[in-house]
Amino acid sequence: MAPSLSNLIITCPLSPGKLAEVKTHFKSVHHYPPGGKDKVPKELSSKADVWYSNYTGIPDYLKFEDIPNVKLVQLTSAGANTALNSPALSSEQARKQITISSASGIHSLSIPQWILSQSISLYMHLYLQTYNLRHTQKWTREIPQLPPPPPGDFGNSGRTLYGKTAGLLGYGHIARETARLLKAFNVNVIAANSTGEKRKDEGFIIPGTGDEEGIIPSAYYSTNDPESFKTFLSKSDILIASLPSTPQTQNLLKDEHFEALPKDAILINVGRGDLFKSETLIKALDQGHLSGAALDVTDPEPLPDNHPLYTHPLVIITPHTSSNVKGYFEVGADLLLENVKRVREGGKPINKVDPEKGY
């Protein structure tokens, strides 16, 4: 018999209009947005069978015995590592009883735009031009942070994406929509995943986005095969990483991997900061092998005050905001309602997290 999933607790922000819509799908809905003074009472948490939360999962003041009836936790994040380690969800008993669903797919509206904009900014040094003109208040084309251009060259400010190869490290929802957008710039797309094989996207897809059949990449490579991975890196003029944080991905990129990239490659990281050490990235930049990096996630995170990455002339940093988009939690609520519908009908929710893999 399929669960009825009648009682919902929400611990992430949600607009009044969307909250009213969500309430029509449940017997009871209680909203405790972050930053509020009130905690979820244990009397209510004991009755809840569905939870809609941010990346932290069940609030850390609750334990598994406080949520005995919860069957489904819908996250607003693509990553699930923090939620999996929360007190209420970390036990084997909790993981057998509770299905955790990530929000993978909703970020197709925001993060691919960030990736494209930062790739163009790095290629054309728009961030340095903007900074220099704002601070000097002089009409100059010189970019003193960069080496001077060769004699007769047209300045040191621009390159084109046309004809370049983008290597997508991880080929989930974010990468698939990024690949679709890159094709408009005549960029060749290749992808690397754990198997090196094409697969269909069976997750949450916003209409008109992505690459459901996985047909855009001209080639696939395996991160588990050292030679295949090195070949992938050697072809990646633009390396775009969107991997989750797992034991397999932590510190995956080392000196030899940065050295395998083509000369003047750029790096974009929107996955997790522990993919490589900051010192390793700075070394690759300072040695002139990498020509730029755009980071929305860092090692460590948050990045400490006065860290050298903040002022490095070849680095763009944003404080883990690439996913921010107006209506973010409303789109996540659409996924919540779709998953509840599936479970009520005896099916499986989209984006079910495998605790062993961490995503």
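Modeller: This is a predicted model. Start with the two domains: taken over C-alpha atoms, the centres of domain 1 and domain 2 are 33 Å apart.

Colleague: Which parts of the chain belong to domain 1 and domain 2?

Modeller: Domain 1 is made of two stretches, 7-106 and 326-345, while domain 2 covers 110-317.

Colleague: How many residues are in contact between domain 1 and domain 2?

Modeller: A contact here is a matter of heavy atoms within 4.5 Å. By that rule, 7 residues of domain 1 touch 5 residues of domain 2.

Colleague: What area do domain 1 and domain 2 bury between them?

Modeller: Buried area is what two parts lose in accessible area on being put together, summed over both. For domain 1 and domain 2 the figure is about 640 Å², with 62% of it on carbon and sulfur atoms. On the side of domain 1, N81, S104 and G105 supply 50% of the area buried against domain 2, more than any other three residues.

Colleague: How many salt bridges and polar contacts lie between the domains?

Modeller: The count of salt bridges between domain 1 and domain 2 is 0. The rule for polar contacts finds 1 residue pair across the interface, both at pLDDT 80 or more. The side of domain 1 that touches domain 2 has 3 nonpolar, 4 polar and no charged residues.

Colleague: Which residues lie nearest the centre of the second largest pocket?

Modeller: They are H125, P147, N156, D264 and S291, out of 21 lining residues. The second largest pocket has a volume of about 460 Å³, and its lining divides into 9 nonpolar, 8 polar and 4 charged residues.

Technical notes
Residues numbered from 1 in each chain as written. Predicted model: local features only at pLDDT ≥ 70, side-chain atom pairs only at ≥ 80, totals over all residues. Heavy atoms only, no water. 1 Å grid on protein atoms, 1.4 Å probe; cavity = no way out; pocket = protein on both sides within 12 Å on 5 of 7 lines; lining within 4 Å. Points joined across faces, edges and corners; volume = space filled by probe spheres on them. Nonpolar A, V, L, I, M, F, W, Y, C, P; charged D, E, K, R; others polar. Domains from an automatic or database assignment. Buried area = accessible area lost by both parts, 1.4 Å probe. Salt bridge = Lys/Arg side-chain N within 4 Å of Asp/Glu carboxyl O. Polar contact = N/O pair within 3.5 Å; in protein donor to acceptor, adjacent residues only side chain to side chain.
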